[in-house]
Amino acid sequence: MEEDQELERKISGLKTSMAEGERKTALEMVQAAGTDRHCVTFVLHEEDHTLGNSLRYMIMKNPEVEFCGYTTTHPSESKINLRIQTRGALPAVEPFQRGLNELMNVCQHVLDKFEASIKEYKDQKASRNESTF
Amino acid sequence: MAAAQAVQEMRTRVVLGEFGVRNVHTTDFPGNYAGYDDAWDQDRFEKNFRVDVVHLDENSLEFDMVGIDAAIANAFRRILLAEVPTMAVEKVLVYNNTSIVQDEILAHRLGLIPIHADPRLFEYRNQGDEEGTEIDTLQFRLQVRCTRNPHAAKDSSDPNELYVNHKVYTRHMTWVPLGNQADLFPEGAIRPVHDDILIAQLRPGQEIDLLMHCVKGIGKDHAKFSPVATASYRLLPDITLLEPVEGEAAEELSRCFSPGVIEVQEVQGKKVARVANPRLDTFSREVFRNEKLKKVVRLARVRDHYISA
């Protein structure tokens, strides 16, 4: 399914621009004063609910995360604020990266299963057509 | 055991009550329920997840996804609508348009025509690039002139008889290969998807002569680039009868739902209702209008079973 590949591409695009020190910001980290690295708000540019909600779900599934939520700042602006707070002293970047990786794995798996299922359906239809002749 | 069953219902079913819907949000995150391990486990997901294709033809696809959450299923739906690229007409160079349809209206209509071309074989056009190369552009020509039909009957008033070429269809669009496109794509591979879409109507003496450039784009940019007419999903309905329903009430119950959902069978001389195929139901909640029957039925949806079309 092309959209699985799209979701994967978007996530890997995000990660590479994080690493490169990009020309166009895709991601920022904002930390409130007086807290340590376990509560962080990430600002993701050019993203909306498509990535926000699915990423929030994957991060919440991590038992180390105490709080995870996202909002769109304003419908005219295409960016989301994603806040992660972890239990204990785990730096918040870690569940963020883990969530992205897990989301990629999920999409890859869904893509594989979907393609297998389509192929099976087509084979079944072909064999059913043959048997009626 | 009733408590355990209630918790199970809260985790796996979205219940449709008479006046509202309960248990809408996903709550199975780690720490919410004692005794359940809800942390993300890729192997458990892979074991539980399956995709079943119900129907597939050239224009539509219906399939079930079981074992996935709403957040991700919705992300797929949003991506299908907005971020899967297609080719569509972007620039129209009008050489001659003497028809009633204004240039910009005609260009707008041409942009919405679906083009049969695999977008994966093309690149996006670079910003600021006016000309377009063979790797990111497709060219089509549309040239139609309407004339009077000399062989028409004297007193006929049917425009099909009186005029030649008075309706401009997509089959009048011809593909103009650029560069090495003629080698890459066989004859007839690049065309509008449907060749009977009416573009404009003409009368004798009017002519349309234009050149169209198609580029690759995504639905977020302009809806003409969206590859699907629509993409939607619904949860699998789950109807349980809390008590056995017999006799006349069984007949009434089967009329409250869509046809095929409730089957009335003859068991030992009595008519008994049985839930036969809940998938067909559209959940019109007709049963709640019936005082006696509304206590007997629980309408719910299975939380992780998505029927996408």
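## Polar and charged contacts

Eight residue pairs, both members at pLDDT 80 or more, are in polar contact across the interface of chain B and chain A (N or O atoms within 3.5 Å, one able to donate a hydrogen and the other to accept it; residues adjacent in sequence count only if both atoms are side-chain atoms). The rule also finds one salt bridge there (a side-chain nitrogen of Lys or Arg within 4 Å of a carboxyl oxygen of Asp or Glu). Asp48(A) forms a salt bridge with Arg78(B), with 3.0 Å between the closest N and O atoms.

The model is predicted: local features need pLDDT of at least 70, side-chain atom pairs count only at pLDDT 80 or more, and totals for chains, interfaces and linings use all residues. Residues are numbered from 1 along each chain as its sequence is written, chains are lettered from A in the order in which they are written, and side-chain values use heavy atoms, without hydrogens and water.

## Extent of the interface

Chain B contributes 35 residues and chain A 34 residues to the contact (heavy atoms within 4.5 Å). About 3200 Å² is buried between the chains, 66% of it on carbon and sulfur atoms (accessible area, 1.4 Å probe, lost on being put together and summed over both parts). Phe29(B), Trp40(B) and Phe76(B) supply 21% of the area that chain B buries against chain A, more than any other three residues.

## A sheet in chain B

An open sheet of four strands (DSSP runs of E, at least two residues) has the order S5-S14-S7-S11 in chain B, with antiparallel pairing (at least two DSSP bridges between two strands). Strands S5 (86–97) and S11 (173–176) of chain B stand at the edges with a single partner strand each, so one side of each is left without a neighbour in the sheet. S7 (138–145) and S11 of chain B pair over four bridges, and Gln139(B) stands opposite Val176(B) in S11(B).

How values were computed:
Buried area is the accessible area (1.4 Å probe) that two parts lose on being put together, summed over both.
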